[in-house]
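Please open the structure and follow along.

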Amino acid sequence: MSTMSLEPMPGRTDEMIVNMGPQHPATHGVLRVVLGLEGERITRAVPHIGYLHRNHEKIEEARTYPMVIAYTDRMDYVSGTQNELPFVLAVEDMLGIEVPDRAKKIRTMFFELYRLASHLVWMGTAMLDLGAISPFLYTFWDREIILGIVERTAGARMLPNYYTFGGVRRDVHPDFFKDVADFLDHMERRMVDYEHLVLESPVVHARTIGVGVLSKERAIARGVSGPVLRASGVAYDVRKAFPYDAYPDVEFEIPTSPDGDTYARFWVRFQEMYQSIRILRQLVEITPKTGPYKGKAPARIKPPAGERYRAVENSRGELGVLVVSDGTDKPYRVKHRGAAFSNLQIVPDLFVGAKFSDAIAILSSLDPVFGEIDR
Amino acid sequence: MSQIPIPEDQHFRPRLIGYNPARSRPWLERTVYSAYVFVFWAIIVGTYAGVPALFGALGWDSGWGFVLMRAVQVVMLFLLSAVIALLLILVLRKYLGKVQERYGPMHYGPAGGIQTIFDALKLLAKEDFVPAAADVLTFRLAPAITFVASFAMFAVIPFATGWVLADTNVALIYLIAVSTLSAYGVLLGGVSSGNKWALIGALRAGAQMVSYEIPLALVFLTVAVWSGSLSLGGIVDAQMGLWNVIPLALPFVLYVIASLAELKHIPFDFPEAESELIAGYNVEYSGMSFAFFFLAEFVELFLLPALIVILFFGGWHGPLFGLEPGSLAAGALESLYFTLKTAVWVWIFLWIRATLPRYRDDQLMEFAWKAMIPLALFGLVLAAYLRLIWR
Amino acid sequence: MELRFKKERLFDEDVYTVHPDDYRALCEQLKQEGYDYPRSVSGIDMGYGLRVTLHLTRMRDLAKVAVRTDVSYENPVVASVTDLWPGVEWYEREAYDMLGIRFRGHPDLRRILLEEEWELHPLLKRYDTGGYPIPGWEPGPWPDPEPWVPPPPPEPEGEADAAEGGEAK
């Protein structure tokens with residue numbers, strides 16, 4: 001790999017070209033950014049990705065449709081079943097499979113549980129980047145509870161391979177709703193503490209307010225989605241724009257913030273956690289405790305030839321999948337559109353002119369997970 | 001996909017392994033800490049009372065005998081700093097564990113008490129290499145400079161009445177001079193590493209330490225003005241009726257903040273920001289050289305709270321229960337008070353470390369130059385004025 | 001100027017299939033109509049050529065549109081729309097990286113997920129495994145997994161257990 005993609009500018013001797021390499025405690029994964037630093041100020045930034053490229057798309061062309069679901073899990077590995085849903089929805093659209101109402105609600109419950117889990121990871125690692133070492137452990141403890149709930153039903157913690165065409169693979173554990181209700185009580189108490197630790201901390205304010213401002217037009221033009229877009233003032237959420245599963249049945253709001261800086265992104269993710277708790281509370285009430293967990297689906301999944309693009313609202317933004325089928329039982333082409341892939345494109349825009357530690361704060365607020373970027 | 005029926009007693013019930021504070025046996029932990037503090041105190045008593053008594057009994061009080069006595073005392077202080085490092089590293093890890101709802105080290109020794117010895121052995125066993133692009137002499141010298149600068153502060157710290165190695169009457173000026181030397185060690189270490197990240201870390205560290213030494217020195221001067229003496233023993237004696245923290249509250253706050261910055265402690269640990277620069281100026285160091293930097297930091301973690309106690313909290317003052325001041329027993333009790341007060345302040349520093357995020361460097365500098373120096377000057381003038389009208 | 005395209009409605013979005021020379025003009029026209037949010041650019045190897053699919057959304061009424069172009073293997077050149085929607089920059093780089101589609105006018109067309117000196121474009125159908133061409137190799141049929149046979153019902157126990165009463169299994 002070419003070591004430097006930045007040539008020193010002729011005549012400038014005070015610019016230092018530094019490699020913030022793939023192995024770095026603060027890049028949330030394997031990101032390499034080649035920075036031109038002038039003292040503490042960044043003048044140029046070139047991100048390089050691809051260190052986690054596992055060529056999912058080629059592999060999935062040789063697997064049958066139910067096998068592909070297991071591969072999609074591995075993209076955004078902190079969000080578990082959220083990655084399975086766009087593929088499952090796309091194929092259900094192409095085949096016209098009906099999903100029973102209870103299965104939709106169960107899928108939505110898992111979806112929101114994983115959104116909470118993913119935002120907890122984000123909060124812990126963002127505070128770790130900013131220097132506070134303790135919130136990391138608190139958030140990961142809460143995440144342990146979520147993963148334990150998922151494990152009792154689906155059998156695995158992080159990558160459960162739980163959704164399938166028509167619903168979910170097995171019925172929920174008898175204690176599932178009680179577990180979720182207990183967890184929500186615990187979480188609401190913890191959110192008060194997290195708000196004091198994170199949102200009201202003067203050090204966090206000093207580090208994040210006014211840092212890395214992304215304007216609304218630039219955000220839309222760059223194809224940014226998720227909390228980053230909503231923190232720039234655009235109320236676009238795939239759950240409201242193109243609803244799926246049980247989202248039409250629950251009430252929730254989309255938090256937006258007009259500021260567009262790092263603190264706004266922090267704040268929007270916090271509010272999303274509150275909204276997730278609200279959605280989960282409603283779903284615990286309204287999900288029928290008995291009933292079908294899977295609708296009728298053909299034994300051999302063979303969608304008719306054609307293509308379908310379907311997107312869901314991941315914890316990071318719009319996770320989309322383009323499924324191209326040629327009528328056989330293996331997909332012809334599966335293209336995953338990772339939310340963080342688009343979000344990471346604004347890194348050169350935001351880094352230039354910022355100080356180096358601002359760059360760390362910005363990167364932590366973008367919340368990239370490299371499984372979904374590199375696939 | 002069909003459900004494969006599994007009988008109920010073979011259902012997998014995942015067990016959430018939680019944090020149970022009782023499992024770390026707090027009584028055992030407290031016993032271990034008390035044992036370390038006792039050893040620490042015993043070494044102090046031995047160094048400052050035992051060795052002079054021994055040499056006095058042998059008649060080697062003057063000339064070369066005196067020099068030998070001081071040398072023995074310095075060696076015992078090395079031992080003391082080793083014990084400090086052992087204890088403080090252990091306390092840091094255990095205390096961070098308590099704050100973060102987890103157990104700290106648990107396996108080596110009772111409740112993890114011997115863990116640090118194994119850390120030291122690990123560091124000794126690591127390969128102590130010099131990077132190819134580094135300037136060898138400076139690279140090897142820098143940790144030594146830092147450690148010597150920190151260790152040299154021991155010379156003037158009084159642990160009890162008369163229990164001090166060098167009873168100079170310019171102790172404060174000596175402290176200012178010596179603590180500045182540790183900035184040299186950091187700068188040289190980072191710049192000579194041949195690594196751009198270490199360079200950035202070293203420059204940040206140098207800028208931060210130099211900036212925060214000015215309020216530090218100003219607070220030293222304030223205390224000297226208020227107490228009327230530059231020697232630490234004199235400052236403690238002047239606090240007989242009233243601890244300095246009450247009239248000098250503002251300089252006290254400034255001194256705590258400046259100490260945190262000198263220690264490169266969170267919220268000012270920018271030079272060794274672990275999540276940004278990996279380890280800042282000591283990223284290329286490994287093995288014993290790294291151990292020296294580490295040791296220097298933990299020795300200062302003891303020394304700067306000790307200075308806070310001396311300057312503001314009355315040093316070793318405490319109820320003597322009728323013991324005759326100046327005797328061995330009174331000295332032992334006073335040094336125990338000193339140790340306990342310092343322990344409280346070390347705990348506060350660790351508490352801050354566990355809780356806060358870190359500030360950005362330009363915010364640090366802005367704070368030092370625009371806020372702390374004017375306030376320190378104001379405090380100095382106020383203290384001088386108060387001294388004039390009260391005494 | 002008359003653009004050569006065909007418009008159809010699939011599921012819930014308008015799909016334009018356009019001649020590669022008019023791709024750029026159609027995209028500019030769509031930008032004029034207000035489609036400002038680029039969602040994805042995908043490259044697909046269709047077997048007869050390479051296809052570029054661009055998915056757009058209009059923020060004000062959430063209308064979705066997809067634009068498709070087919071180019072041949074020998075001359076896989078398509079105009080780049082990075083200056084219209086900067087968010088497609090990395091997607092076009094990925095299409096170049098994976099399939100070899102070159103985008104004319106792209107500011108920085110180099111490989112993104114693979115190393116910069118890599119030679120092949122792995123997602124092309126002519127490579128069966130791992131991106132390396134295996135001449136004359138035909139993929140075999142996927143073997144059927146062993147069918148799951150339910151376990152036999154438990155043997156009826158002797159006299160001693162029958163006296164305990166019927167416990168439902």
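In strand S2 of chain C, Glu13(C) is the bridge partner of Leu10(C). This comes from a predicted model, so please read every value below as computed from predicted coordinates. The pairing involves strand S1 (residues 5-10) of chain C and strand S2 (residues 13-18) of chain C, which run antiparallel to each other over 6 bridges. S1(C) and S2(C) make a hairpin with 2 residues between them, and in that turn Phe11(C) has a positive phi of about 55°.

S2(C) also pairs with strand S5 (residues 63-71) of chain C, this time in the parallel sense and over 5 bridges.

| Strand paired with S2(C) | Sense | Bridges |
|---|---|---|
| S1(C), residues 5-10 | antiparallel | 6 bridges |
| S5(C), residues 63-71 | parallel | 5 bridges |

Now for the place where chain C meets chain A. How many residues does the contact take from each chain? Chain C supplies 26 residues and chain A supplies 29 residues. On the chain C side, the elements that give two or more residues are strand S3 (37-45), strand S4 (50-58) and helix H2 (89-99) of chain C. S3(C) gives the most, with 6 residues. By residue class, this side of chain C divides into 16 nonpolar, 5 polar and 5 charged.

Asp358(A) sits in helix H14 (residues 356-366) of chain A. Is Asp358(A) buried or exposed? Asp358(A) counts as buried because 23 C-beta neighbours lie inside 10 Å. Leaving aside neighbours within four places in sequence, Asp358(A) is in contact with Val211(A) and Gly212(A). Gly210(A) is 148 residues from Asp358(A) in sequence, with 10.0 Å between the two C-alpha atoms.

Tyr138(A), in helix H5 (residues 135-154) of chain A, is buried too, because 20 other C-beta atoms lie within 10 Å and the cut-off for buried is 20 or more.

Chain B is divided into domain 1 (20-125) and domain 2 (129-390). Their C-alpha centres lie 20 Å apart, and the contact takes 23 residues from domain 1 of chain B and 24 residues from domain 2 of chain B. On the domain 1 side, helix H1 (26-58), helix H2 (64-99) and helix H3 (115-125) of chain B each give two or more residues. H2(B) provides the largest share, 13 residues. This side of domain 1 divides into 20 nonpolar, 2 polar and 1 charged.

Finally, look at helix H6 (residues 196-227) of chain B. H6(B) has 32 residues and reaches 46 Å from its first C-alpha to its last, close to the 46 Å expected at 1.5 Å a residue. There is a kink of about 25° at Glu213(B), shortly before the proline Pro215(B). Because 24 of its 32 residues are buried, H6(B) is largely enclosed by the rest of the structure. Just after H6(B), Gly228(B) takes a positive phi of about 80°.

Definitions and conventions. Residues numbered from 1 in each chain as written. Chains lettered and ligands numbered in written order. Predicted model: local features only at pLDDT ≥ 70, side-chain atom pairs only at ≥ 80, totals over all residues. Contact = placed C-beta atoms within 7 Å. Helix = DSSP H or I, 4+ residues; strand = E, 2+ residues; numbered from the N terminus. Nonpolar A, V, L, I, M, F, W, Y, C, P; charged D, E, K, R; others polar. Domains from an automatic or database assignment. Buried ≥ 20, exposed ≤ 12 C-beta atoms within 10 Å, placed from the backbone. Pairing = 2+ DSSP bridges. Expected span 1.5 Å × (residues − 1). Bend = angle between axes of the 7 residues up to and from the residue.
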